[in-house]
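Visitor: Could you walk me through this structure? I'm new to it.

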Amino acid sequence: MLHIIKNIIKFISILFIGMAWSGCKKDFLDINPKGQLIAQKTGDYDLLLNSPTLTLTQSASQTVMSDEVATTTSFNLIGATDGVAVLSDQKAFMWADDIYQPGDNSSELTFLVKQIYTFNKIINEVMTSDGGSDGQKKSIQAEALAGRAWANFMLANYYGKPYNSASSATDLGFPLPTTADVTQTKFTRATVQAMYNLILSDLIQAIPNLPSKVSSRVRMSKAAGEGLLGKVYVFMGQFDKALPLLTASIDDLAGATIPAGLYNFSDAFAPGGAFMPISPVIGPSRTVPQNDKESLFLRYTPNYYTYIYGGVLLSPQTVSLFKANDLRRQFYTAFSLGTATAYPKGMLRAWGRLYVNEGINVSDIYLLKAECKSRLGDLNGAVSDIQSFRLNRMPAADAPVPSAMATDEIALTKFILEERIREFAVLGSRWFDMRRLSVDPVYKSTVGNTHAVYDSNGNVATTYTLKPERLIFRFPQYIMAANPDLTQNP
């Protein structure tokens, strides 16, 4: 962690350079001291929230660790046609204890820690900044509070045990810095409960002061904050608290000043639609994250496994979850890049997207809302919600929930969880579902624990088994070397 903190001053300088490119005047910052750029005006802190370096998260090993994926015997090749993007992805697919090599110096926590530093700076300083109204300052601070909550939520779900009310007070999570102090060198892991307490506190404080209208994908809105808080409660198993927030988030989309909501895939795949034309090389046209109307709060990472790389595929079991007319299948192809040879066992490669949004997605909010209703016993409401959602993804004839499931709470909830797999396959979301479901006494059986490697004839050549410990990331070796007193995960 010290290794990361040493780079934060450089990171902040990059943020301000990015703000200068955004059109700020020459005198908006003083050069004080020693060439460091110091924010003083309220507008300076507002511009910090626009920085592209806050929007890009990069590393996302969970994409290859989810239980809906498989691969072929060529996956150990690092190459666009068959293999994995980096060696750490190969190790992540194997659910190895240590994903990163000693020489690596970047991981999932890198950008998240830097973001938290920036958010802490804004939270602690903007209210005493020069200029700007009290309301403007509170709104900027609220966005930083909600941004910090999102980053801590991600870190809790990478490095802490899945939330369990019985043990969260002693389960170790991630350090919780709340000041922007680059001289800090001693870090102690907070408990999972302490992390969730801060996440909840930040969001509850932020939501009343967040912008009421969705006007930017890179800025936190009230709808995004409500959606995030609802999701946090889902991960805590508090579905009664989650449901009204998820409902409010969807309702607040109505006032958006930019396109925000669900795509109707029938329209999006029609001539002239949002995902057209479909390239024979890279698939549908969904490659610009800033234009995606389903991205409510954009925190994205490049994902070559949904674009050109063939090292991570939909497993045969996952493919079987899709009906033939499900339009989401358009985002998968049976062929590796530049070939006419189909993958064995009907497996599919994702294409058409160059990124994954790890922030807040409209589709996620809709599906979490349906899940909450089902878990709370409102089966009619859950069926109505999930069928309404599916009408945006497939022909009307295929959208209804099977009648046998519609009246059975457990069967309906499982159907909704499978809908989440269909919606987010190879996007990494399933990994976080696996974590929360692994401590659910009713639905932990829905979590898979095997990755298969198939040969060209469709025979299983190798399997890897997920240990419960690997539902938690270990700290990379470069972090432990710089912080030997930091308690490592098993």
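Guide: What follows covers a sheet, a helix and a loop residue. This is a predicted model, in which local features need pLDDT of at least 70 and side-chain atom pairs count only at pLDDT 80 or more, while totals for chains, interfaces and linings use all residues. Residues are numbered from 1 along each chain as its sequence is written, and side-chain values use heavy atoms, with hydrogens and water left out.

Visitor: What's the strand order in the open sheet of six strands?

Guide: The order is 7-8-6-3-11-12, with mixed pairing; strands are DSSP runs (E, at least two residues), and two of them pair if DSSP finds at least two bridges between them.

Visitor: Which strands stand at the edges?

Guide: Strand 7 (332-333) and strand 12 (460-465) do, and each has a single partner strand, so one side of each lacks a neighbour in the sheet. Strand 12 pairs with strand 11 (residues 450-454) in the antiparallel sense over five bridges, and Tyr454 has Val460 of strand 12 as its bridge partner.

Visitor: New topic: how many residues of helix 17 are buried?

Guide: Eight of its 10 residues are buried, so helix 17 is largely enclosed by the rest of the structure; buried means under 20% relative accessible area, with a 1.4 Å probe and protein chains only, and helices are DSSP runs (H or I, at least four residues).

Visitor: And where is Asp440?

Guide: Asp440 lies in the loop between helix 17 (429-438) and strand 11, and it counts as buried at 11% relative accessibility. Its side chain joins that of Arg375 in a polar contact of 2.8 Å, meaning a pair of N or O atoms within 3.5 Å; within protein, one must be able to donate a hydrogen and the other to accept it, and residues adjacent in sequence count only if both atoms are side-chain atoms.

Methods. Buried < 20%, exposed > 50% of the residue type's maximum accessible area, 1.4 Å probe, protein only.
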